[in-house]
Amino acid sequence: MSTDAIRAARAYLLRVAEPPAPALWAFVAEYGPVEAAWRVRAGDVPDRVAAETAARRELDLAERDLDEGAAQGARLVVPEDDEWPAWPLLSMEVAMGRGVDTMAPPLALWVRGEVPLDDVLVSAVAIVGARAATDYGETTAAEFAYELTLAETTVVSGAAYGIDGAAHRGVLAAGGATVAVLGCGLDAGYPAGHVGLLNRVAKRGAVVSEYPPGTQPARHRFLVRNRLIAALTAGTVVVEAGRRSGARNTATTAGVLGKVVMAVPGPVTSALSVGCHHLVRDAQATLVSSATDVMETVGRLGTGLAPRQDGPRRRTDGLDAEPLRVFEALPARGGRSPEQIATEAGVSLPRVRAVLPALELDGLAERCDAGWRQGRRRGTGA
């Protein structure tokens, strides 16, 4: 199957269903994008797929979208491409396997920027927060982003006013690459005051969206966009957030995906720090007060796992200290709850909850009726 045919099929599919589209994603995974696109056009699909595509299945604008994207300096990155960020997005597939349909992975991503997407996301952290941020919040976000950039970590955010914009500017001031994930088409010019900022982001990093050209911003799309910010990064730092906010939504999503969640404390009198304080109080986030804290909490790859090496002698070769203690606290038979593992390993419960899904992805841990136990792998020793 030609690459052009696959890209055209995914461009069509990306427009005919509003993300996230779990039934369509599973249908594409089963039949492949070209056959799936043909079946959707013909209406030869299961009821759940029909429900997601019925309103737009006759809207075949793939060729136009690809041409318009190219004219705007954008490209459609698909899972069949080498630059597809498969590893970070695997967390979404794991969540789907647990029945969390709202975490359905994107069918493709529109990208503006010269850097290969997978390269810029090798080590990435999200910084999010309030739009109506305080000077304290914006200064903190910019400083964190600047220092993380110097530590060779990509900062991902949503290009909104306030904390998001401050984070992007902090990276650019350090001469680094940042990624902005939008809840609208790349050509929407939103937010209007950040068009120049987005152009600068595209020159050094990437501007990303799963929405085709011409898609206008909408509140529900920003909430859906948040799952990508959480998935594409190793952890999420919330700098300022109200009691109910998009930033807290991103943090919650990151937790569902097994990613590290961190929160920056603020004045107890500040309404914009209430969300951060609640996340810490409820053990949903680790308190961080510096970029160093972020790096220590996340680890170089965000999962606490070191890069894999060829021919490791033991299954646990490459694990950092805390993930190794979590692994060793897992029983070979039966199971333990995250709370029991935290007590046995002497590792904080939020950190245990972040590490366990990472160990699961690496085959070192598995869920069972009684909780968690060591994963079973043939051909390796413990």
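A word on the basis. This is a predicted model, in which local features need pLDDT of at least 70 and side-chain atom pairs count only at pLDDT 80 or more, while totals for chains, interfaces and linings use all residues. Numbering starts from 1 along each chain as its sequence is written, and side-chain values use heavy atoms, with hydrogens and water left out.

Now the lining itself. It consists of L14, A17, P19, P20, A21, P105, P106, L107, E210 and R227. The space inside is about 60 Å³. The whole structure holds two cavities of 30 Å³ or more. A cavity is a set of points, on a 1 Å grid over the protein atoms alone, where a 1.4 Å probe fits but cannot get out; a pocket is an open set with protein on both sides within 12 Å along at least five of seven lines; lining residues have an atom within 4 Å of a point. Points are joined across faces, edges and corners, and a volume is the space filled by probe spheres set on them.

Two of the lining residues deserve a second look. P19 and P20 are joined by a cis peptide bond, with omega about -10°. P20 sits in the loop between α1 (3–16) and α2 (22–31). Helices (H or I, at least four residues) and strands (E, at least two) are DSSP runs, numbered from the N terminus. P191 is in the loop between β5 (178–181) and α10 (195–204). E152 is not a glycine, yet has a positive phi of about 60°. Its loop lies between α8 (135–150) and β4 (154–157). Most residues other than glycine have a negative phi, and most peptide bonds are trans.

Next, the sheet. Nine strands form an open, mixed sheet in the order β1-β2-β6-β5-β4-β3-β7-β8-β9. Pairing requires at least two DSSP bridges. β7 (residues 235–238) and β8 (residues 260–263) run parallel, joined by four bridges. G235 stands opposite V260 in β8. Helix α14 (residues 291–298) packs on the sheet and touches β3 (124–128), β7, β8 and β9. Contact here means heavy atoms within 4.5 Å.

α12 (246–256), β8 and α17 (349–361) each supply at least two lining residues. The largest share, six residues, comes from α17. This lining divides into 14 nonpolar, six polar and six charged residues.

Finally, the whole chain. It has 17 helices and eleven strands. Its C-alpha atoms fill a box of roughly 55 × 50 × 35 Å along the principal axes.

Conventions: Axes fitted to C-alpha atoms, helices over the stretch in contact; angles between N-to-C directions. Nonpolar A, V, L, I, M, F, W, Y, C, P; charged D, E, K, R; others polar.
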